[in-house]
Structure formats: C-alpha cells, structure tokens
Amino acid sequence: MSVSEMFVALQGALTADQDIREEIRKVVQALEQTAREMLTLLQGVHQGPGFQDIPKKCQKAREHFSTVKTQLESLKTKFPADQYYRFHEHWRFVLQRLVFLAAFVVYLESETLVTQEAVAEILGIEADRERGFHLDIEDYLSGVLTLASELARLAVNSVTAGDYSRPLRISTFINELDSGFRLLNLKNDSLRKRYDGLKYDVKKIEEVVYDLSIRGLSKEAAGGAGVEK
Amino acid sequence: GSGGFRKRKHDNFPHGQRRDEKENVNPSSALMKSFKSFQQELDTRHDKYERLVKLSRDITIESKRTIFLLHRFISAPNGDDILYDSEVKLDAVRRRIKQVAQELVGEDMYQFHRAISPGLQEYVEAVSFQYFIKTRSLISIEDINKQLIFTTEDREESNMFFNPRDKLPPTLSLKVTPVDYLLGVADLTGELMRLCISSVGNGDIDTPFELSQFLRQIYDGFTFIGNTGPYEVSKKLYTLKQSLAKVENACYTLKVRGSEIPKHVLVDVFSTKTELIDHEECLS
C-alpha cells in the first residue's frame, strides 16, 4: 500500500469518527434542553409558594424523565455499544446534570439518597458496564455532589419560607453524605475538585442549623412539626 | 491533601457538636454501605490506571532506546546485528504491550486510553523506524496491529499482573488507534530528519534524497488529513513542516555544492553544516 493510500484510509476513519460525534452532539443538545426544562421546573421549590406543592413539581419532573429515556435510547444507537468511553466526554456533563435532577426529585419525595441503580433505572440505562450504555460511577458521584449544593440553598430558602424543620433534616442527610465521601480515595481529578466544594455546603447548612437553634426555632420546629408542613 | 482539610474542618466546629453528628451517622446504613462499595470500585479502577501508566512508561523508554540503537545502524559496519538487536528489543516492548492487553481484558480500552497512549505512540515510532530502515517504506496500521495479537501460552510470567480467576480468551490483542498511529508517524519524521543529516555526515549521498521524497509523501498525507483529525495531529503538522524543510535544504546544499566540489571534500563541507542544524534543533 502506498503512503497516500494509507492516508486516504486513515482520513476515511477520521471522517467516520467525526460523523458519529456530530450525531451524538445533536442528541446531547436535545438532552440538555430537557434537563434545562426540568431544572427550571424544580427551581420553583426555592420560592415561598413552591414549598407547598413540592409533590406536584416532582410529579411533573418525573414526566420529563420519559422524554429523557427516549432521548438516551436514541443516543445509544448513535455509536457502537463497546465504545462508550470513546465518546464519553460528549454526554458526561449532561448525564451528571440528569443524575442531579433525579437525585433531587428522589430527595424531595422521600428525603433519601437515590442509589446508582435507581438513577440508572429512572434514566432507562444500565448500572453496570457489562450490560450496555451505563452510568459511570464518577458521573453518579458528581451528580450527588451537585445535589449537596442545591440542598444547602434549599436549607436557607426553607427558613425564609418559615419551614424550620427542613434544615435539620437536610443537615443530617448532608452529614451522612459527607461521611460517605470521606470513605473514598479520590484522585486529583474533576470529581475531587467538586468534592472539595462539599465542605462549604456542609458548613453553610450547619450555620443555618446554628442560627435556628440559638433562637430556639429548631425546638419549635421539632415540637410542632406538623404546623409548618 | 484531604488530611489537611479534615484538620481545618475540626477547628471550625466545637468538638461537642461534631461528635453529636458523628453519632448520627450510622456506619452500617445503606448509604455508607454503598459508599464503601464505591470506594472499592474507584480504588480498583485507579490501581489499574496506575499499572497501565507504569507499563506505558516502560514501553516509552524501551522504544526510545530502540530508536537510539537504530540511529547507529548507518554508521556501523555490522548493520544486520543492529537490526537483530532492535528486533529483540521490540519483542521485549511487545511483551509489555501484551501485559497492557491483559489488563484491558473485559475493559473498555478507551476508558484507560490516556494512560497508555504515550507508550503506544512511541512504540509506533520505533517500529515504523525499523520498518523504514529495512524496507524504505511506511508500515501500515494494519501491520502494526497484526504484531499486537498475542497467544496466551506463556501465562505464568504474567500471573502477577493478572487475576487468575478471570477467564483468559484464547488470544489477546491490542489495537493502535488511528490517532495514535498518526501521532507516532509524525514523530517518526523527526527521526528520519536526524537520520538524513547524520547519513550525510557519514558520506552517504543517496539517502538524503530518498528521505526527502519519503518525508514529502508523509507531509502530503498529513496535509490531506488537515484538521479532520484531533487537535494534536494538526499541532504536529508544524514540526513536520520544519523537519521536511531541513531535509529539503540538506538536499539542496548537496545538489549545489555537489556539482562544484569533489566528493571527498563535500563531506567536510556538510559536516560543519550538520553541527549547525543540530545546534538549531537543540534550541527549539
């Protein structure tokens, strides 16, 4: 084979690769759109009246996940199944965002941390690499860290809205999360950088709890928990 | 690192309060259990990555040594010995690549691609350099990949790197990606430039012309790819152009001076020129 023939063949391979990336980008754009819509919807919980209809907002958000499912389904068809990590960076960001949204919805509904398997199920993908398009563990953890900062914000806003018991529950939750993350030996990568931000969220929530307890508001919340809800 | 962070954190809070919260966290809760399994999963992944980085470094070093060895080929009278030695060295490199392939059994190669890519590029450079010296042509990516198919007979020596519980497939293989190949070939041109200059120094008048033609073909190939490839490929194009210019200038000098100076003097003329070029290269 002559040198120029070899380069023609290589160029062909590179162009094919670019075409795949182009296709992936299109689907990812649509996914980002859906994710933005859900985020706007869920942002409503930070406003005063939003606290009353959290279940309704969660319900609406869950409806969006079916769109996400079909979009992810079409993403799967855009590239060979065994080359997930080759194109990973294209959907990494949006997948982390979706994990956050799923985790946020599940937290608002049940005040628990969504498991990796449960997120995968909500998104209609696999939890395990062997079985196809899956949720990478680092993406899952990144999404969970985004949840932590969102909850720090929620703690502040729920006080403003007069819900004094929520920050205490958030505090317990975040503390458990923090202990969980401390078990991990993170490398000096993006996940580690985001984990470094967790301590500020923990701090913020503890400050809120502190403010409530020196004013006796936390006891009031514990005593008359039903009043505010 | 994280130790410092923990310490700072402790100072920020009264100890009593901190202990209360610690008690709230149940070490056997579902959340803690799943994080323990995450810890394991991440550690396994990082360990594998580190092993691959180490293998990649070994591959790089051995490939570089092979290239240095091959540079001696022109000046040495016993060329065949050197070619044989380089083959032995490359076999050693391939054994390392086999270990890489073993690490990657059942994994997605691209997940760990960044760990092994530098080594593979250097290997492509070495193997294509040897191939050029032997055949005066460019080795194809298919030929490179053919050499990276391994059988699993000698399994004992690699047991320490590989979990024996896992089932070994009958053959292992590793595929050099087109981009790795291209980057390796781009590096090869730098070696060819050095080969060209030193061969003139040794009084070989024909090799520079042959090389300039070969380099021009490769340069044409790279311009054909242009910016379809990733960023690194287009970055190498600039260096490639410089190498080509050096070789073309050398040929020019040979042609011009060659017609007016007797052959035995020419070598002296060029030797001084070579030093100049080498000096420039060091600076850049």
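Biologist: What makes domain 1 and domain 2 of chain B domains here?
Modeller: Domain 1 of chain B (44–154 + 170–176) and domain 2 of chain B (178–259) come from the domain assignment, and such bounds are taken from an automatic or database assignment. This is a predicted model, in which local features need pLDDT of at least 70 and side-chain atom pairs count only at pLDDT 80 or more, while totals for chains, interfaces and linings use all residues. Residues are numbered from 1 along each chain as its sequence is written, chains are lettered from A in the order in which they are written, and side-chain values use heavy atoms, with hydrogens and water left out.

Biologist: Why is the pair B:Arg136 and B:Glu210 called a salt bridge?
Modeller: A salt bridge requires a side-chain nitrogen of Lys or Arg within 4 Å of a carboxyl oxygen of Asp or Glu; the closest N and O atoms of B:Arg136 and B:Glu210 are 3.3 Å apart, so the pair qualifies.

Biologist: What makes B:Arg45 and A:Asp136 a salt bridge?
Modeller: Their closest N and O atoms are 3.2 Å apart, and therefore the pair meets that rule; across the interface of chain B and chain A the rule finds two salt bridges.

Biologist: How many residues of chain B and of chain A are in contact?
Modeller: Taking contact as heavy atoms within 4.5 Å, 50 residues of chain B are in contact with 44 residues of chain A.

Biologist: What area do chain B and chain A bury between them?
Modeller: About 4400 Å² is buried, 66% of it on carbon and sulfur atoms, where buried area is the accessible area (1.4 Å probe) that two parts lose on being put together, summed over both.
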